[in-house]
Amino acid sequence: MVNSDRIDRLFETLNRRDSPGCAVGIYQNGEIVHSRGYGQANLEHGAPITPETVFHVASLSKQFTAFSVGLLARTRAISLDSPLRTYIPELPSALPVTFRQVIHHVSGLRDQWDLLRLAGWRHADLKTDDDILGLAARQTALNFPSGSRFQYINTGYTLMGIAIARVTGMSLRQFAARNIFEPLGMKQTWFHDDYNEIVNGRAEAYSAVEGDALKRNMPAYQTVGPTGLFSTVSDFARWDSNFLSPVVGDEEFIRSLTAPVTFESGHVSNYGFGLIANNYRGLVTAEHAGGDAGFRSFYLRFPAERLGIAVFCNFSEIKPAELARNIADICLEGKFQSDDRNLPAWAGRGAGVTAPDRRTLEDRCGTWRDSITGMTCRIEMRGARMILIGTAATEYELIPADAARFQFTGIDAECVFVAESGRMIIRYAGQQAADCERAEEGTPDPNPVPLSEYPGTYYSGELDVRYRVDLVNDRLTLQRPKHPLETLDRLSSDEFSSSREGFHIRFVKDGLVLTAERVWNLAFDRVA
């Protein structure tokens, strides 16, 4: 039985007339056993969140896009091992990625959101499928050879949506409606591909600003595939039920959605068809998170226990993964195989785990550089809290699981400090995402290149954008279209970083090379 009172208490700080909040759906044996709303869907009109409130659920969309591709593969309309270029000839031969590689995030494609940002797009600019296809078609290189490693990328899911439309003659919205949502009776779920469409009962999204004030923070998207799905926690019960008693697909196909995949390198990934195979307190799970603008979402399944949990939120400060696992603690009390909650960290330290002493924590602090990309992150102490500052000044508290392993709050990621090599390994969704070494502070080169050598105009054909570098008060500055002037921090003689925007620049002969979190080694030529 679900203890609704205990679940309600998890959301009591949000359940106010002046706060955004969450809708929660708990599904047992494919049936709703608890569905409630906490907080407001619209602060301007005082509309409360209910189980019927429509949310933009961000990357939860990926399981439906991947499912759609899987359905086409079952009918042999496509092959999962066919290159996307077969259906999207605009893509250059330098991007020989397949559907299977895209689905499991081993494609090596550069990420669309980083590409748009680097090309000068702002948060409020409306993004369409054509915009993203145009950028993808200009790329002349991958981040890494396809199939050689894992990297979570959105671009390929947009391209798969475009490919579906070209194969079937239906948009992704139409195809998913006909083949998934209508058969399952999901009447409040669709791919939202019309930005100006009126949606009854839609939640607005919010973020906090200085002084705890709130502002609207809505995604400006008219693109679907990696994102763009609208749904309710009531409707999601029908999707959860399909995993237990398939109406769309069959049991073998459903099992394949979370089956591990082996890279060409021999490494095994636990990222399936838009769902991550994981475990929590000794129980097998399938899960995925979503986050766009101020929206946050999380879907957590315990297949053997026939339990599903969906948490949809409209406030960027909420951590739905933490809430979903706290709900699981209540619903599955007495059924866990372990009391160890060190994965994920937010559930509390595992039994018998003692936090490292202050000196050990301080030894982890400083600047770390990924040996593959050159990207840097910084770890610092704030009181007793250990904080990792990543790209674009994103911050995560690190919670010790043991003396060498630290979990990120809010996402399935961890840092592992390797004593033998002095390195820090970052893993995301069970896959290695970075291999970091300590970065020397300041400029170790005794004869650095004078800063006066670097000012000029630099052009990227892959972004079709110009950057301007200037020397101001003995510091390099960078001007990008539509963005504020940035000051660059010197890492070495020819390497610089933007701590605010989270990218790394290395000056080379007649140009520069820029790397962001999910866009690596993008070349700019120096122009007159």
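Visitor: At roughly what angle do the axes of helix 5 and helix 6 cross?

Guide: This is a predicted model, where local features need pLDDT of at least 70, side-chain atom pairs count only at pLDDT 80 or more, and totals for chains, interfaces and linings use all residues. Residues are numbered from 1 along each chain as its sequence is written, and side-chain values use heavy atoms, with hydrogens and water left out. Helices are DSSP runs of H or I with at least four residues, strands are E runs of at least two, and both are numbered from the N terminus. An axis is a line fitted to C-alpha atoms, for helices over the stretch in contact, and angles run from 0 to 180 degrees between N-to-C directions. Here helix 5 (residues 129-138) and helix 6 (residues 155-168) have axes that come within 10 Å and cross at roughly 110°. Roughly perpendicular covers 65 to 115 degrees, so that's how helix 5 and helix 6 sit to each other.

Visitor: Which residues in helix 5 and helix 6 meet?

Guide: Contact means heavy atoms within 4.5 Å. Helix 5 brings Asp 129, Ile 132, Leu 133 and Ala 136, and they meet Thr 155, Thr 158, Leu 159, Ile 162 and Arg 166 in helix 6. By class, that makes five nonpolar, two polar and two charged residues.

Visitor: What about helix 2 and helix 6: at what angle do their axes cross?

Guide: Helix 2 (residues 61-74) crosses helix 6 at roughly 40°, with the axes coming within 10 Å. Lys 62, Thr 65, Ala 66, Ser 68, Val 69 and Leu 72 in helix 2 meet Tyr 157, Met 160, Ile 164 and Thr 168 in helix 6.

Visitor: How many residues does the largest nonpolar core have?

Guide: A nonpolar core is a set of buried Ala, Val, Leu, Ile, Met, Phe, Trp, Tyr and Cys residues joined through side-chain atoms within 4.5 Å. Buried means under 20% relative accessible area, exposed over 50% and partly exposed in between, using a 1.4 Å probe and protein chains only. The largest one has 71 residues, and Leu 159 and Trp 239 are among those with the most contacts inside it. Leaving out residues up to four places away in sequence, Trp 239 touches several residues, including Phe 67 and Ile 180.

Visitor: Where does Arg 76 lie, and is it buried or exposed?

Guide: Most residues other than glycine have a negative phi. Arg 76 has a positive one of about 65°. Look for Arg 76 in the loop between helix 2 and helix 3 (99-103); it's exposed, at 77% relative accessible area. Arg 306 also has a positive phi, about 55°, and lies in the loop between strand 16 (295-302) and strand 17 (307-313). Arg 306 is partly exposed at 34%.

Definitions and conventions:
Angles under 35 degrees count as roughly parallel, over 145 as roughly antiparallel, 65 to 115 as roughly perpendicular and the rest as oblique. Ala, Val, Leu, Ile, Met, Phe, Trp, Tyr, Cys and Pro count as nonpolar, Asp, Glu, Lys and Arg as charged, and the others, Gly among them, as polar.
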